[in-house]
Amino acid sequence: MSFTDDEYRKIDDYIKKEKQIQSQSGWVVINNERRLESIIQLIDGNVIEVEFSFRGSVNKNSPTLDDTHGELKLLYSNKNKETLWISRISYNPVRNHTNCKLDNFQWSLKRLKKGICRIYKWEDRKESLKNGMTEENAPATPLPEIKTFDAFLKAFKDYLHITGEIKMPVLSPELPLEGEHK
């Protein structure tokens, strides 16, 4: 993947601007019955000639969203149709996580414990990309104060200046399969 310095600057500018949710697809089961996904489209106001979307997933076998794990990603596609996630947040991850080594990063090589939310900020993600690191080597900042799914969503929306509602799934065994929308 080859993003230019100019594309990085456009993303820097876009991160700081207010963004509005335009629409959201229904939650569907992806790959196995324990994973759900929804796509949320943002209005970009012609700031950058790209489309952004979230991908979110939750475990439908948990009694409440606060007991599950999930992830949201903000995605970017450049003119060559290459897609890059520029920020993500993980809620109550199922494993410990050790951060990659990144100069001047407070959490470099630190272990982030299971059950702690983490945010992968664009500033840190950009530095890792410029150093040639892969997707798995993105550095994350722990958010130990995040204890509910609502607080998780709010942290991500606040960091990226996003307004609008993210509709949560109803946790039930009758969720539609991929391609089916209710």
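Colleague: What makes the span of helix 3 close to the expected one?

Modeller: In this predicted model, helix 3 covers residues 149–160, 12 residues in total.

Colleague: Which residues of helix 3 are buried?

Modeller: The buried ones are Phe-149, Phe-152, Leu-153, Ala-155, Phe-156, Lys-157, Tyr-159 and Leu-160.

Colleague: Now Asp-124. Why is it called buried?

Modeller: Buried means under 20% relative accessible area. Asp-124 sits at 16%, so it counts as buried.

Colleague: Where is Asp-124 found, and what does it touch?

Modeller: Asp-124 is in helix 2, residues 122–130. Leaving out residues up to four places away in sequence, Asp-124 touches Leu-102, Phe-105, Pro-139 and Thr-141. As for Ile-86, it lies 38 residues from Asp-124 in sequence, with 9.7 Å between the two C-alphas.

Colleague: How do you know how much of the chain is buried?

Modeller: By the under-20% cut-off, buried residues are 48% of the 182 in the chain. The accessible surface is about 10,200 Å², with 46% of it belonging to carbon and sulfur atoms.

Colleague: How many helices and strands does the chain have, and in what order do the elements run?

Modeller: There are three helices and 11 strands. From the N terminus on, the order is α-β-β-β-β-β-β-β-β-β-α-β-α-β.

Definitions and conventions:
Residues are numbered from 1 along each chain as its sequence is written. This is a predicted model: local features need pLDDT of at least 70, side-chain atom pairs count only at pLDDT 80 or more; totals for chains, interfaces and linings use all residues. Side-chain values use heavy atoms; hydrogens and water are left out. Helices (H or I, at least four residues) and strands (E, at least two) are DSSP runs, numbered from the N terminus. The expected span of a helix is 1.5 Å times one less than its number of residues. Buried means under 20% relative accessible area, exposed over 50%, partly exposed in between (1.4 Å probe, protein chains only). Contact means heavy atoms within 4.5 Å. Accessible areas come from the Shrake-Rupley method with a 1.4 Å probe; for residues, only the protein chains shown count as cover.
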